[in-house]
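Thanks for making time this morning. I would like to walk you through one model, starting at the ligand and ending with the domains, so please look at the structure as I put it up.

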Amino acid sequence: MTLEDLYREVIMDHYRRPRNRGALDDANVVMEGVNPLCGDEIKLWLNIDDAGVITGASFDGHGCSISQSSASIMTEAVIGKPLADAHAVIADFRGMMLDGDAPDELRLGDGVALEGVRKFPVRIKCAVLSWNTLKLGLDEHAAAGGQRVELQHSES
Amino acid sequence: MVVPTSAAAGLDAAAVRADFPVLAEQVHERPLVYLDNAATSQKPRAVIDALRTYYETYNANIHRGLHALSERATAEYEDARARVARFINAAHPHEVIFTRGTTEAINLVARGWGDENVGEGDEILLTEMEHHSNLVPWQMLAQRTGASLRYIPMDVEGRIDLQAYARMFRPRTRLVAVTHMSNVLGTITPAAELIEIAHQHDVPVLLDAAQSIPHLPVDVQALDADFVAFSGHKMLGPTGIGVLYGREALLDAMEPLFGGGSMIRVVELHQSTWTALPYKLEGGTPNIAGAIGLGAAVDYLQTVGMPEVTAHEHELTEYALNLLSDLDGVRLFGPKDARDRGGVISFYVGDVHPHDVGTLLDADGIAVRAGHHCAQPLMRKLGVAATARASLYLYNTAAEVDCLADGIARAKAFFE
Ligand SMILES: Cc1ncc(COP(=O)(O)O)c(C=O)c1O
């Protein structure tokens, strides 16, 4: 176990220079994800067009470097993706973090850098918070027949 | 209280450390620097040996068998109670009720005393710095009975406004439940004054002493305390054992929480009568080994000397506060003056999240806690979601505080 496994350069870069940070105008999915155990908070905005493509994604929040960089990485991974592809990326990430499955590295992009978090079990929750929040947002969006959804997700 | 310096009193940290096997461990190939004592303390060999001796040589249930092992186990269990009673200067051993810990002790009072004595429109006084275990049981009681909770004014360093407190008492005030030492800020509350003022209004006081009894000499009679709750595992004893001290008359009037074996006098088909203290409040087979281990822990602390423990920690706390407050960008919580506090030091490093600080310190072998410390209302008052927390005990050294300061500086540099 070394710190470099956890704090890869890519992660530190997303932490210091978060991508897609701040509210998104006209978002039709607005989510809030919290981890009550550590107080990490993520706000997530998505624009999903009528064709089922995520045309925009952004986040805001506060928490540790892992939770914040993971959210930044996630927005990059899903912007421009059809919903089915977004679900595949989420499955890649969650499979990698929670079950140790090998992800499709091309599809997951910078998200691969978070694999080292697995060696720090107490920090896995930090990494998956935004992804669980996104998954719930997409599921609720589908369940609402494409209507605007605004929801809170809480890790247990 | 005149606190002797550890040098004068001669707390020999090296000798003390040698009594704690775990302190020789390496963590991530570094010597362990254990600074998470407010969460739980390490155990001296004397405690580990007491547990092993019980299990290996006289394991038996108590107060039941007529055989030799049971007699010995019973004697050792009751002897542990007597030693704990002496440690806190209780008037009688049967004022010491063994519980699972502080949490169970407080819930025992909230149920067994609260349900009998608190009703709709009544009030309970608390502070905003209570640990969840001295907060949630009272919220539950308030919900059951229609009573309400009121908060004693205090500043962000946990200093209670005694004058405002004295004005809070009304005819329906039924109980004051306060911490004796904050597990986040380290603040030592003026327990004697709080109790004296409450007693002027005939209101009993429950003291959450989970953080104080392990570190300060506490005399429940001198304090005139009504209920005192604490945990064995924070004072060198095993987990799963703790204490509710209660004034005899109050405990006598309490209803038991656990019905079952050991707590009855006569059981009929439709009703039963309770036996006397302390067994009335200790239904079921208790944590026999745990109590015996706690007895050994108390002996150990008394051999070292509680004034010496306090003085050693005071000196280290002062050293740590000076060292850490000199570090650029480090924000310390709690009283600045070591005289007002124990060795629980919460801090924030620049804008690095406490979890990241905790992970980086861990990589250096330094164990601290990061999180809300089961005190969410206090975190809100401090305006943070979490803090990192280093907490000291008798076996910690100035060299370990230096390690902490170096680790914090490295963590800060890493994230800059
Ligand atoms: C002030 C305070 N009260 C209560 C508790 C709860 O103790 P336990 O978990 O041993 O019941 C703790 C320990 O975390 C504490 O620090």
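This is a predicted model: local features need pLDDT of at least 70, side-chain atom pairs count only at pLDDT 80 or more; totals for chains, interfaces and linings use all residues.

A polar contact, as I use the term, is a pair of N or O atoms within 3.5 Å; within protein, one must be able to donate a hydrogen and the other to accept it, and residues adjacent in sequence count only if both atoms are side-chain atoms. With that in mind, an N or O atom in the side chain of B:T103 is 2.6 Å from an oxygen atom of the ligand, a polar side-chain atom of B:Q211 likewise lies 2.6 Å from a ligand oxygen, and for B:H233 the distance is 2.7 Å. Of the 390 Å² of accessible area that the ligand has on its own, the protein covers 85% (Shrake-Rupley method, 1.4 Å probe).

Side-chain values use heavy atoms, with hydrogens and water left out, residues are numbered from 1 along each chain as its sequence is written, and chains are lettered from A and ligands numbered from 1 in the order in which they are written.

Finally, the domains, whose bounds come from an automatic or database domain assignment: in chain B, domain 1 takes in 13-31 + 306-415, and domain 2 takes in 48-302. Taken over C-alpha atoms, the centres of domain 1 and domain 2 of chain B are 28 Å apart. Across the boundary, 33 residues of domain 1 of chain B are in contact with 32 residues of domain 2 of chain B, contact meaning heavy atoms within 4.5 Å.
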